[in-house]
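Student: Could you walk me through this one before I set anything up with it?

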2 protein chains.
Amino acid sequence: MSIRILLVDDHPVVRAGLRALLSGFEGMTVAAEAADGAAALKELDRLQLLGEPADVVLMDLQMGTGMDGVAATTRIRSREAAGEPAPPVLILTTYDTDADILAAVEAGASGYLLKDAPPDQLRAAVLAAAAGRTALAPEVAARLLDRIRHPQPALSPREVQLVELLATGLGNRAIARQLFISEATVKTHLVHIYAKLGVDNRTAAIAEATKRRIIRAQ
Amino acid sequence: MSIRILLVDDHPVVRAGLRALLSGFEGMTVAAEAADGAAALKELDRLQLLGEPADVVLMDLQMGTGMDGVAATTRIRSREAAGEPAPPVLILTTYDTDADILAAVEAGASGYLLKDAPPDQLRAAVLAAAAGRTALAPEVAARLLDRIRHPQPALSPREVQLVELLATGLGNRAIARQLFISEATVKTHLVHIYAKLGVDNRTAAIAEATKRRIIRAQ
DNA sequence: GCCGGAATCCACCAAATGGTTGACGCCGGG
DNA sequence: CCCGGCGTCAACCATTTGGTGGATTCCGGC
C-alpha cells in the first residue's frame with residue numbers, strides 16, 4: 001500500500017522530474033498528473049471512482065494557465081465537508097514570498113517546499129503529509145518564525161493591493177481609477193503604508209515591500 | 001552514436017525531469033549533470049578526458065547559486081579558440097525577458113527554450129543544436145523580431161547606476177550626494193532615462209528597468 | 001577637425017507627490 | 001457598548017518631481 005500522489009504543475013519538465021524522483025522512492029506512486037487546478041480536481045474524482053483515491057496532492061502554487069494553486073488548494077480542502085476525499089496538499093514552488101506562503105497556509109496547505117529542495121527533503125515532506133503531519137522547508141519555516149519574532153506591522157489586504165499597483169509605476173490618479181476610489185483615499189493609504197514600512201516615499205516603499213517579499217518583482 | 005547532453009540546472013527536480021524526458025528520446029543520452037556554471041565547466045573537461053565529450057549543453061539561465069548561465073555560456077563558447085571542445089549551448093529557462101534572451105544570444109547560445117515547452121519542442125531543439133543549427137521557441141523568436149522592429153536604446157553605464165539607486169528608494173538629493181554630482185544633473189539623467197525606457201516617472205522607470213532586467217530585484 | 005554622445009551643470013515653471021488634520025461608516029473584540 | 005482598525009473622502013500646504021531649454025567639457029569616430 002504505496003502512497004498515491006497527484007502531481008499538479010504546468011511544466012511538463014517538472015512533472016517528469018517529480019515523477020522520476022518520487023517513483024524512485026520506496027512506497028510512493030504517482031497516481032496521476034494535472035497541468036492546472038481544474039484538471040487536478042477532475043483527476044481527484046477520477047481516482048476516487050477507480051477506488052484508489054490520492055493520498056497526497058503535490059502542487060505548484062503559480063500556474064500560468066487555468067486555475068491557480070491557492071484556489072485549487074481551497075477547493076480541495078473544502079471537499080472534506082462534503083464527505084469527498086480531501087487529501088493533504090503539499091505546495092512545491094519556486095518562490096518563498098511571504099504573501100505566497102501565507103496564502104497557501106491559509107488555504108489549508110499542509111506543507112511548503114521550494115523547487116530547489118534536495119530530493120530527500122521532498123521525500124520527507126510527502127511522508128509527513130501522508131501521515132497527516134505538516135512539513136515546511138527550512139527556509140520557509142525560518143521566514144515564518146522571523147515573522148513572529150519581528151512582528152512587522154502587517155499591511156492590510158487593501159494596502160498590499162496599493163503596493164502592487166505602486167510597483168507597476170502608476171501615479172496616484174491612475175491607481176485611484178484602477179481601484180474605483182478617490183485620489184485622496186489613495187494618498188491616505190500611501191501614508192499608512194509609508195508608516196508601516198518605515199519609509200517616506202513611494203519608491204522606497206516599493207524597495208522595502210520587495211525586500212520583505214510583500215510583493216514579488218519578476 | 002547517441003547525442004551526449006550535459007544538463008546544467010540548480011533544481012534537482014528539473015534535472016531529474018530533463019533526464020527522464022531526454023532519455024526517453026531515441027538517440028539522446030544525458031552524459032552528466034551540474035548544478036551551476038562552474039560545475040558545468042568541470043564536467044565538460046571530465047567528459048573530454050573520458051573521451052566522450054558532450055555534444056550539447058542544456059542549461060538554465062538563472063541559477064541561484066554559483067556562476068550564472070550567461071557567464072557559463074560565454075566561457076563555454078570561448079573554449080573554441082583554445083582548441084578545447086565547445087559544444088553548442090541550449091538555454092532552457094522560465095522567463096522570456098528581452099534582456100535575458102539578448103544576453104544569451106550575445107553570449108553565443110544556439111537556442112532558447114521556455115520551461116513550459118512541450119517535450120517534442122525540447123527534442124527538436126536538442127537535435128537542431130547537435131546539428132549545429134539554431135532553435136528558438138516561437139515566443140522567443142517573436143520577441144526578438146519585435147526587438148529588431150522597435151530597437152530599444154541602451155542606457156549608459158552612468159544611467160544604469162542612477163537606476164540602481166532609484167530602485168533603492170532614494171530621492172534626487174540623496175542620489176546626488178551618493179554620486180557627488182548636483183541635483184540638477186540627477187534630474188537631467190532621469191529625463192534621459194525616462195525617454196529611453198519610454199516612461200514618465202521614477203517608479204515606472206524602476207518597473208520597466210526590472211522588466212528589462214537592467215536591474216535585478218532580489 | 002568636426003560631430004555626436006556622455007556627463008556635468010543652471011534656471012524656471014508646472015505638476016505630482018507627501019504630510020497634516022479632520023471626518024464618516026463599518027465591523028469585530030474586549 | 002465602546003474602542004480601534006480599516007477603508008473611504010476632503011482641504012490645505014510644503015516639498016519633490018518632471019519638463020524645457022539652454023550651456024560646458026571631454027572623448028572617440030568618421
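This is a predicted model: local features need pLDDT of at least 70, side-chain atom pairs count only at pLDDT 80 or more; totals for chains, interfaces and linings use all residues.

Student: Is A:Asp60 buried or exposed?

Tutor: A:Asp60 is in the loop between β3 (56-59) and α3 (69-77) of chain A; helices (H or I, at least four residues) and strands (E, at least two) are DSSP runs, numbered from the N terminus. Buried means under 20% relative accessible area, exposed over 50%, partly exposed in between (1.4 Å probe, protein chains only). A:Asp60 has a relative accessible area of 3%, so it is buried.

Student: Which side chain makes a polar contact with the side chain of A:Asp60?

Tutor: Leaving aside neighbours within four places in sequence, A:Asp60 is in contact (heavy atoms within 4.5 Å) with residues including A:Asp9, A:Thr93 and A:Lys115. A polar contact is a pair of N or O atoms within 3.5 Å; within protein, one must be able to donate a hydrogen and the other to accept it, and residues adjacent in sequence count only if both atoms are side-chain atoms. At 3.1 Å, the side chain that makes the polar contact with A:Asp60 is that of A:Thr93.

Student: How far apart are the closest N and O atoms in the salt bridge of A:Lys115 with A:Asp9?

Tutor: A salt bridge is a side-chain nitrogen of Lys or Arg within 4 Å of a carboxyl oxygen of Asp or Glu. A:Lys115 counts as buried at 4% relative accessibility, and A:Asp9 does at 1%. In their salt bridge, the closest N and O atoms are 3.3 Å apart.

Student: Over in chain B, which residue forms a salt bridge with B:Lys196?

Tutor: The pair links helix α9 (residues 183-197), where B:Lys196 sits, to helix α7 (residues 157-168) of chain B. With the closest N and O atoms 2.8 Å apart, the partner is B:Glu159.

Student: What area is buried between chain A and chain B?

Tutor: Buried area is the accessible area (1.4 Å probe) that two parts lose on being put together, summed over both. Here 33 residues of chain A are in contact with 32 of chain B. Carbon and sulfur atoms give 67% of the buried area, which is about 2300 Å².

Student: How many salt bridges does the rule find across the interface of chain A and chain B?

Tutor: The rule does find 2 residue pairs in polar contact across that interface, both at pLDDT 80 or more. A search of the whole structure gives 19 salt bridges over all chains. Across the interface of chain A and chain B, the count of salt bridges is 0.

Key: Residues are numbered from 1 along each chain as its sequence is written. Chains are lettered from A and ligands numbered from 1 in the order in which they are written. Side-chain values use heavy atoms; hydrogens and water are left out.
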